[in-house]
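Please examine the protein shown below. The paragraphs that follow are intended to be read with the structure in view.

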Amino acid sequence: MHVRIPRPWAIRESEVTEERIYRARRHFMKTSAVAALGAGLFPGLVAARAEQQLDALRPLEKSRFSTDEDPNTYEEITSYNNFYEYGTGKEDPARLAPKYLKPEPWSVEITGEAEVTGSFALEDLLKPHALEERIYRLRCVEAWSMVIPWVGIPLADVIKRFKPTSRAKYVKLTTLLDPEQMPKQDSGGIFGFLSTIDWPYTEGLRMDEAMNELSLLAVGLYGKEMPAQNGAPIRLVVPWKYGFKSVKSIVSIHFQETQPNTTWNDLAPNEYGFYANVNPEVDHPRWSQARERRIGELFKRDTLMFNGYGEQVASLYRGMDLSKHY
Ligand SMILES: Nc1nc2c(c(=O)[nH]1)N[C@H]1C(S)=C(S)[C@@H](COP(=O)(O)O)O[C@H]1N2
Ligand SMILES: [Mo]
């Protein structure tokens, strides 16, 4: 079964129109288009039409977690990417991921310290949950940023279903390992940088971080299915952390007692920590993190502590020395 995100603007001429409408409406009405894209995940056109009508009639409630800032364009979000399984160039993922990645069928393995474990078809994983729109800032550790209108479900809601045991202190999330679908996993070149990565790409969160209301499992953006280059069909979004924590194309969610190994921390532990909270006061050893370039803008802007999400997450780190736990 194909994972279809109900499309609020299903009847339209082109994606360009859709985006223009989306952005224009956001701009003039300053409202989130979709607070919840419907209770059922695959209601198809009927719900999409109802949603479209609702949307045309009145401003729907805005997610309290969404930023008011104008989102980046669909083009920007889907053409300037980091997804090293397709190369290190920013344009590589857009060029190669749609060709190689087969996001359906897709399943996610739930393993480790939880009462409910097993392999779940993506549609079964998503079925009980309502999709939400969350317009989040994304701050890459490389000092650029975007604003992205994700569609997804709170990670906490998914985790609760699997009833992690008291020993589950961390959750590890892992990207697909399949060089046929992710060519740079084995053709990075014997001497190239990519060959130093121990694939698959893995990331991890402390359990309380994973359960935080901001942590999102995203299955789409701009009201559409997740583009391959953005981590189809399902990826993590943790907006108060540097972008590399937001692992793409997830096939495994594992609960464990000890802090998991993570790709960038393994590669360069002095440059990329496990926590990787956005912090303008803790510089990367090779560059400042005080400012950032919003893609599409000319001038740099100040980077915000926790990427501006301190109200939701600062309490997670009370008492921790964030210059040590970077
Ligand atoms: N599997 C995987 N996930 C990944 C990456 C990657 O190379 N491989 N790059 C990360 C980095 S560094 C960033 S900034 C974000 C970029 O997400 P976007 O391309 O959707 O903007 O994805 C993160 N997730
Ligand atoms: Mo990044």
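How many nonpolar, polar and charged residues does the lining of the largest pocket have? In this predicted model, the lining of that pocket has 20 nonpolar residues, together with 6 polar and 6 charged ones. The pocket itself has a volume of about 510 Å³, and 32 residues line it. To find its centre, the reader may look for Asn82, Cys140, Tyr201, Gly243 and Phe244, which are the lining residues that lie nearest to it. Two or more residues of the lining are given by each of the elements β4 (144-154) and α8 (263-267). Of these, β4 provides the largest share, namely 4 residues.

Attention may now turn to a sheet. It is an open sheet formed by 5 strands, which follow one another in the order β2-β1-β10-β5-β6, and their pairing is mixed. From one strand to the next, the twist averages 20°.

Strand β5, which comprises residues 170-175, pairs with strand β10, which comprises residues 250-256. The two strands are joined over 6 bridges, and the sense of their pairing is antiparallel. Which residue of β10 does threonine 175 stand opposite? The residue facing threonine 175 is isoleucine 250.

Conventions
Residues numbered from 1 in each chain as written. Chains lettered and ligands numbered in written order. Predicted model: local features only at pLDDT ≥ 70, side-chain atom pairs only at ≥ 80, totals over all residues. Heavy atoms only, no water. 1 Å grid on protein atoms, 1.4 Å probe; cavity = no way out; pocket = protein on both sides within 12 Å on 5 of 7 lines; lining within 4 Å. Points joined across faces, edges and corners; volume = space filled by probe spheres on them. Nonpolar A, V, L, I, M, F, W, Y, C, P; charged D, E, K, R; others polar. Pairing = 2+ DSSP bridges. Axes fitted to C-alpha atoms, helices over the stretch in contact; angles between N-to-C directions.
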